[in-house]
There are 2 protein chains.
Amino acid sequence: MKNLLIIAHGSRREQSNTEIRALAEQVAANLPLHVDDVSVAFLEFSSPTIHDVINSSLTKGTQELIVLPYFLSAGNHVVKDIPHELDQVIENWPGRKITILPHIGGSQEMVKLITSTLIELQGS
Amino acid sequence: MKNLLIIAHGSRREQSNTEIRALAEQVAANLPLHVDDVSVAFLEFSSPTIHDVINSSLTKGTQELIVLPYFLSAGNHVVKDIPHELDQVIENWPGRKITILPHIGGSQEMVKLITSTLIELQGS
């Protein structure tokens, strides 16, 4: 079983966390064939935590976990905090495959997303 | 003159802010015809500030400013802090048009961006 874990920052504003969970549901509804499920974890201000989601997922038999840091730029959360948390939990699960993707803001598609937003605005 | 202002969170890690500036340059290089220029402002930890960029842009003669909150979810920064800062500076510029876009994470294209990332991963 192969799962996607979306790690978001988390917010004191609960609607913001709900928005991330809704996004994950949409991603789950549009998954490529090779991914079985999607989970969300929050670094701060909300739950579940990274530890809880990974332990839960791997306990259920996930053999491969694809981790997407859902952050726009590589600040300290992306380069230090998330890797630190992942390292702590991953060491308890030898033999499972964990793939950490680049943060979403590093995607080459982000520029297109912004310019297409502007083009839509022009049309409205 | 019509300009785009990308407002990012800002980071204590300067490479993160540099990444945002590089993204803005790429957006500028791919602008739709109706937008003339792109600026970046940071809410925290870096400069220029929202006040500085807007005042500078409008002083130079920008008639219309399109503001993109470059945030993934509508937390307090998006729903409170950025509008508050914008309100403070905009009131000094009657007659100029300021359009505030939804935060980038609210784009319907974000799900596609994530799933296309997963599909690329499958192919690699």
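User: How much area do chain B and chain A bury between them, and what percentage of it is on carbon and sulfur atoms?

Analyst: The model is predicted. The size of an interface is often expressed as the accessible area lost when the parts come together. Here, 44 residues of chain B are in contact with 43 residues of chain A. Chain B and chain A bury about 3800 Å² between them, and the share on carbon and sulfur atoms is 72%.

User: Which element gives the most residues to the side of chain B that touches chain A?

Analyst: The elements of chain B that give two or more residues to this side are α1 (14–29), β3 (64–69), α3 (76–90) and α4 (109–123). With 11 residues, the element that gives the most is α4(B).

User: How many residue pairs are in polar contact between chain B and chain A?

Analyst: By class, the side of chain B that touches chain A has 23 nonpolar, 17 polar and four charged residues. For polar contacts between chain B and chain A, with both residues at pLDDT 80 or more, the count is 10 residue pairs.

User: Through which surface do the copies meet?

Analyst: Of the interface residues of chain B, 98% are also interface residues in chain A. The copies therefore meet through the same surface.

How values were computed
Residues are numbered from 1 along each chain as its sequence is written. Chains are lettered from A and ligands numbered from 1 in the order in which they are written. This is a predicted model: local features need pLDDT of at least 70, side-chain atom pairs count only at pLDDT 80 or more; totals for chains, interfaces and linings use all residues. Side-chain values use heavy atoms; hydrogens and water are left out. Contact means heavy atoms within 4.5 Å. Buried area is the accessible area (1.4 Å probe) that two parts lose on being put together, summed over both. A polar contact is a pair of N or O atoms within 3.5 Å; within protein, one must be able to donate a hydrogen and the other to accept it, and residues adjacent in sequence count only if both atoms are side-chain atoms. Helices (H or I, at least four residues) and strands (E, at least two) are DSSP runs, numbered from the N terminus. Ala, Val, Leu, Ile, Met, Phe, Trp, Tyr, Cys and Pro count as nonpolar, Asp, Glu, Lys and Arg as charged, and the others, Gly among them, as polar.
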